[in-house]
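User: I would like to learn how to read helix packing. Please show me the model and take me through it.

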Amino acid sequence: MHVPWYIGWPIVIAFAVGILFIVASRAPYYPIKYPSGFWELQSKLGAEDVRLLTADGVRLHARLVRAPQASLVTLYLHGNAGNLTHRFLPIREITAAGSSVLMLVYRGYGKSEGSPSERGLYADADAAYLHLLSRGYSAQHIILQGESLGTAVAVDLASRKECAGVVLEAAFTSGGDVANTVLPIVGPLVFRGFDSKSKIARIRAPLLFFHGNRDEIIPLRLGRNLFEAAPEPKWLIEIPGAGHNDLVETAGSSYRERLHEFYGHVQ
């Protein structure tokens, strides 16, 4: 049976757009499941395994690393790829700077159950935050630190919950803005959400931004734009020569020093 073009083409276009939306909804996430990763590094960090249950019933894995005599604890929200075992260096530097760390593993990553989604990641962060409160940490001693995609999770949580401070590495204004750098015009149409720019003004805590000036995934201008929208007090540290995945390594000792200074501001 012959289908008229004015019926056939709209169907084809609608189908193609539907496929694009499905692909776009999964594109931000590149989880690596257990046993892949560097799980043997746990002993070097002295990490304690933690089990969490989200409000929607998803069981999550996390790890708590205690820094000696530290009153602060950092809820670390990782980026879109890998799992917690790929964050050995930043965790080591955070504890050396003077904060304990709860390293959350999002749903669908590492040993955590479920599949990642924007709403799901926000629920995961809520569960980790509540866990820290249940362990005796006050909100005034919790630092929220996000890396890449995790910056949007940190901003969302900080816009709704009290905290001591917020640290953002390779932050961006919104998912649509990032998509536009990859696929102009079409990208923002099919990938939206993670809108940090609309939320950051609600944060009532000091903010520290790190961004590499050679970031090939999230351009520095997006980090600067979010920084400009953020309330005071705030600091932006641009790391010369750093790309998206080598910020901590390229920053060297200055990364730890800047964190230590920031902890002094929030205590």
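Analyst: Start with a contact between two helices. Pro90, Glu93, Ile94, Ala96 and Ala97 of α3 meet Tyr255, Arg256, Leu259, His260 and Tyr263 of α10. Contact means heavy atoms within 4.5 Å. Helices are DSSP runs (H or I, at least four residues) and strands likewise (E, at least two), numbered from the N terminus. This is a predicted model: local features need pLDDT of at least 70, side-chain atom pairs count only at pLDDT 80 or more, and totals for chains, interfaces and linings use all residues. Residues are numbered from 1 along each chain as its sequence is written, and side-chain values use heavy atoms, without hydrogens and water.

User: At what angle do α3 and α10 pack?

Analyst: The angle is about 45 degrees, and the axes are 8 Å apart. Axes are lines fitted to C-alpha atoms, for helices over the stretch in contact; angles run from 0 to 180 degrees between N-to-C directions. That makes α3 oblique to α10. Angles under 35 degrees count as roughly parallel, over 145 as roughly antiparallel, 65 to 115 as roughly perpendicular and the rest as oblique.

User: Which residues of α10 are buried?

Analyst: An α-helix has 3.6 residues a turn, so residues three or four places apart point the same way. In α10, Tyr255, Leu259, Phe262, Tyr263 and Val266 are buried (under 20% relative accessible area; exposed is over 50%, partly exposed in between; 1.4 Å probe, protein chains only). These buried residues fall within an arc of 105 degrees seen down the axis of α10, so they line one face of the helix. The arc is that of the directions from the helix axis to the C-beta atoms. Turned away from the buried side are the exposed His260, Gly264 and His265.

User: How many residues of α5 are buried?

Analyst: 11 of the 12, so α5 is largely enclosed by the rest of the structure. Its buried residues pack against β4, α4, β7 and β8.
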